[in-house]
Amino acid sequence: MFSRAEVEAIAALANLELDENEIEMFARQLGDILAYAGEVQQVDTRGIPPTASVLRQYPADRPDQVRPSLPPEEALANAPDPAPDPTPTHGGLFRVPRVIG
């Protein structure tokens, strides 16, 4: 089981305000999760190759196929602030608000 101080520290990192009942509940739940993770780690996996996914093939694994697409004018028709590209071979650009920095 997690201690009260550990739950409060995790809540502070997550910027959460917890009342007394929630602190007790989360301490119990987090302890249960770690106990279950300990059980899972005890499973013998020798001879089983590491796997990133249970799927053998992803839809993106298909071969590339050249298909017709929208002309740049149509693609940019509903853009709120399209930016025309100076090079005619690339078409226009989507201008978006700055998000980082």
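## Surface and burial

In this predicted model, the accessible surface of the protein amounts to about 9,500 Å², of which carbon and sulfur atoms supply 58%. Of its 101 residues, 10% count as buried.

## Overall dimensions and fold

The radius of gyration of the protein is 26 Å, whereas a compact globule of 101 residues would have one near 13 Å. Along the principal axes, the C-alpha atoms fill a box of roughly 65 × 45 × 20 Å.

Three helices and two strands make up the secondary structure, and from the N terminus on they follow the order α-α-α-β-β. Among contacts with a separation of 6 or more, 18% join residues 24 or more positions apart.

## Helix H2

Helix H2 comprises the 22 residues 20-41. At 1.5 Å a residue it should span 32 Å, and the distance of 32 Å between its end C-alpha atoms agrees with this. At the start of H2, a side-chain oxygen of aspartate 19 lies within 3.1 Å of the backbone nitrogen of asparagine 21.

Which residues of H2 are buried? They are Ile23, Ala27 and Gly31. These residues cover an arc of only 65° around the axis and therefore lie on the same side of H2. An α-helix has 3.6 residues a turn, so residues three or four places apart point the same way. Helix H1 (4-13) is included in what covers the buried residues of H2. On the other side of H2, the exposed residues are Asn21, Asp32, Ile33, Tyr36 and Glu39.

Terms used
Residues are numbered from 1 along each chain as its sequence is written. This is a predicted model: local features need pLDDT of at least 70, side-chain atom pairs count only at pLDDT 80 or more; totals for chains, interfaces and linings use all residues. Side-chain values use heavy atoms; hydrogens and water are left out. Helices (H or I, at least four residues) and strands (E, at least two) are DSSP runs, numbered from the N terminus. The expected span of a helix is 1.5 Å times one less than its number of residues. Buried means under 20% relative accessible area, exposed over 50%, partly exposed in between (1.4 Å probe, protein chains only). The arc is that of the directions from the helix axis to the C-beta atoms. Contact means heavy atoms within 4.5 Å. A polar contact is a pair of N or O atoms within 3.5 Å; within protein, one must be able to donate a hydrogen and the other to accept it, and residues adjacent in sequence count only if both atoms are side-chain atoms. The radius of gyration is taken over C-alpha atoms; the globule rule is 2.2 Å times the number of residues to the power 0.38. Accessible areas come from the Shrake-Rupley method with a 1.4 Å probe; for residues, only the protein chains shown count as cover.
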